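Visitor: Hi, I have a model open and would like a quick tour of its side-chain contacts. Could you walk me through it?

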Amino acid sequence: MTREPISLTIVDVSEFSKSLRNHLHLTEAVPNHTGMLNLIARAAGFQNFQHLKATPRSTETPDTVTRALRVFDERHRMIRWPNRTALQGLCLWVIWHAVPKSVDLTEAEINAIITAHHTFGDHALLRRVMIEHRQLERTTDGRVYRRCETTPPPDAVLLFRSLRL
């Protein structure tokens, strides 16, 4: 019988190990192979190993997030503007995350937030593209900016977790 590889992405290894330790502590004896697979699956947030196997996986998501992570430095600042449009939009969610919710901001205030989250010196480009991606909105006279309250896509949530935001 051939075995199909099953990928498991662990976003927070520390939390995973704590959960696995707690599950192991509750077992009375050393678990068998199937029991261990179930414990690993539960520690990763699944009901059991069958639930893990049945969950559809996107092969593109980890690659996209991995590429997006290369755009940021250790202080979570964008160090370059990605070439791919999809990657640009994904990376902008990190700056969106830094903009306060339901607060009216002046152009200078939004520029300061954007400037603090990139190193390549083009806050105007980032502000303009965030408006195009409907992550920011501004009044017609351009005096007031506000974060658009929307649910980030799953890739952005995974990027937030990977950057520990």
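Guide: Happy to; we can go through the helix, the rings, the charges and the cysteines.

Visitor: What should I know before we start?

Guide: This is a predicted model, so local features need pLDDT of at least 70 and side-chain atom pairs count only at pLDDT 80 or more, while totals for chains, interfaces and linings use all residues. Residues are numbered from 1 along each chain as its sequence is written, and side-chain values use heavy atoms, with hydrogens and water left out.

Visitor: Is helix 5 buried or exposed, and how many of its residues are buried?

Guide: Helix 5 is largely enclosed by the rest of the structure, because 10 of its 14 residues are buried. Buried means under 20% relative accessible area, exposed over 50%, and partly exposed in between, with a 1.4 Å probe and protein chains only. Helices here are DSSP runs of H or I with at least four residues, numbered from the N terminus.

Visitor: Which residues of helix 5 are buried?

Guide: Among them are Leu90, Cys91, Leu92, Trp93 and Trp96.

Visitor: What about the span of helix 5?

Guide: Helix 5 covers residues 85-98, and at 1.5 Å a residue it should span 20 Å. Its end C-alpha atoms are 21 Å apart, which agrees. The expected span is 1.5 Å times one less than the number of residues.

Visitor: On to rings. How many aromatic pairs are there?

Guide: The search of the whole structure gives two. Rings of Phe, Tyr and Trp (its six-membered ring) pair if their centres lie within 6.5 Å; planes under 30 degrees apart are stacked, over 60 edge-to-face, and the rest tilted.

Visitor: Where do Trp81 and Phe120 lie?

Guide: Trp81 is in the loop between helix 4 (60-69) and helix 5, and Phe120 is in the loop between helix 6 (107-116) and helix 7 (123-132). The pair therefore ties together parts that are 39 residues apart in sequence. Trp81 is partly exposed at 22% relative accessibility, and Phe120 is partly exposed at 26%.

Visitor: And how are the rings of Trp93 and Trp96 arranged?

Guide: They are edge-to-face, because the planes are at 75°, and the centres are 4.9 Å apart. Both residues lie in helix 5, three residues apart, about one turn of the helix. Trp93 is buried at 10%, and Trp96 is buried at 4%.

Visitor: What sits over the ring of Trp96?

Guide: The charged end of Arg147 does, 3.8 Å from the ring centre. That label needs NZ of Lys or CZ of Arg within 6 Å of the ring centre and within 35 degrees of the ring normal. Arg147 is buried, with a relative accessible area of 6%.

Visitor: Which residue forms a salt bridge with Arg147?

Guide: Glu149 does, with the closest N and O atoms 3.1 Å apart. A salt bridge is a side-chain nitrogen of Lys or Arg within 4 Å of a carboxyl oxygen of Asp or Glu. Glu149 is partly exposed at 45%.

Visitor: How many salt bridges turn up in the whole structure?

Guide: Six. One of them joins Asp73 and Arg77 at 2.7 Å.

Visitor: Last topic: how many disulfides?

Guide: Zero in the whole structure. A disulfide is a pair of cysteine sulfur atoms within 2.5 Å. For Cys91, the nearest cysteine sulfur is that of Cys148, 19 Å away.

Key:
Helix = DSSP H or I, 4+ residues; strand = E, 2+ residues; numbered from the N terminus.
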